[in-house]
Amino acid sequence: MAKIVVTGVAGFIGSHVCDALLERGDRVVGIDNFDTFYDPAVKRANLQQSLSSPAFALVEGDIRDAGLMTRVMAGVDAVVHLAARAGVRPSIEQPVLYQDVNVGGTTILLEAAKNAGVRRFVLASSSSVYGNNEKVPFSETDNVDFPISPYAATKKACELIAHAFVHLHDISVTCLRFFTVYGPRQRPDLAIHKFTRLIEEGRPIPVFGDGGTMRDYTFIGDAVPAVLAAIDRCSGYGIYNIGGSRPLELRQLIAEIESAIEKKARIDRLPMQPGDVERTYADISRAQRDLDYTPATSIGDGLTEFVRWYRSPR
């Protein structure tokens with residue numbers, strides 16, 4: 001039985017990872033500051049299952065609190081760092097805050113883990129680091145020196161800081177570049193959740209651009225096993241794309257949501273937003289080889305599962 005710290009434990013991905021770790025018999029120390037970026041009550045509801053387990057301990061605090069992070073690392077076998085200030089567009093308005101939380105917080109965690117003798121550290125990165133890369137699919141060996149948002153820049157900076165720690169200290173770090181993860185508990189501000197809510201309420205959905213932008217969507221049930229494999233196989237320094245490798249145009253996504261909900265969307269067309277990339281598309285061959293990563297959920301099945309969750313009493 002391993003003892004694993006999960007930061008951002010009350011979030012979308014964090015809560016699912018926590019449930020999976022507890023289910024397989026690990027002990028989990030979950031850290032979350034219940035930031036008001038979206039309703040903290042939603043985050044607490046995400047932890048309903050985990051809180052019933054005696055193997056779970058919730059620590060309410062900020063990853064920038066170096067003293068607290070030092071204390072929680074005692075006796076820990078691995079860290080899964082999912083906490084971050086999220087969102088491309090808000091980062092344009094608050095770049096200093098994003099740097100402070102994402103880069104500063106990650107550095108504090110790495111230092112605390114290193115000092116406590118933790119040897120395995122899994123870091124959540126993002127497909128946004130690829131910017132408007134013209135080569136597709138995106139590969140981990142691609143140049144990612146040209147981010148187009150402060151959020152993307154902070155994620156790339158976290159990867160670089162992690163590499164320095166691996167080079168200098170006896171710690172291994174695996175970086176996971178997530179590609180638009182969706183499913184039950186998805187953040188309410190993200191497109192699939194937001195579109196579902198607005199269509200259900202008969203309100204127009206905001207569509208930025210002509211609907212031709214493309215995203216590589218990843219179902220949460222496919223992403224979580226990759227995180228667990230990254231924990232178990234963390235060695236040296238590695239970067240892995242975690243995506244569906246089946247990009248979909250925004251207009252196609254809307255049609256799929258309409259099908260899952262069995263309602264038509266009303267469209268409010270708006271200009272493209274600064275910082276938004278034109279497309280994402282993951283080359284997942286490295287994750288398939290090293291993590292046995294096998295995304296199998298179609299967008300139709302994934303959206304059906306999401307809508308079922310959305311409509312269920314909570």
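Mentor: We take the sheet, then the charged pairs.
This is a predicted model: local features need pLDDT of at least 70, side-chain atom pairs count only at pLDDT 80 or more, and totals for chains, interfaces and linings use all residues. Residues are numbered from 1 along each chain as its sequence is written, and side-chain values use heavy atoms, without hydrogens and water.

Trainee: In what order do the strands of the open sheet lie?

Mentor: First, the terms. Helices (H or I, at least four residues) and strands (E, at least two) are DSSP runs, numbered from the N terminus. Two strands pair if DSSP finds at least two bridges between them. Here seven strands follow the order β3-β2-β1-β4-β5-β6-β11, with parallel pairing.

Trainee: How many bridges join β4 to β5?

Mentor: Four bridges join them. In this pair, H81 stands opposite L123 in β5.

Trainee: How many salt bridges does a search of the whole structure find?

Mentor: Side chains of opposite charge can pair when their charged atoms come close. A salt bridge needs a side-chain nitrogen of Lys or Arg within 4 Å of a carboxyl oxygen of Asp or Glu. The search finds 20. One of them joins D35 to R85, with the closest N and O atoms 3.1 Å apart. These two residues lie 50 residues apart in the chain.

Trainee: Is R85 buried or exposed?

Mentor: Buried means under 20% relative accessible area, exposed over 50%, partly exposed in between (1.4 Å probe, protein chains only). R85 has 15%, so R85 is buried. D35 has 24%, so D35 is partly exposed.
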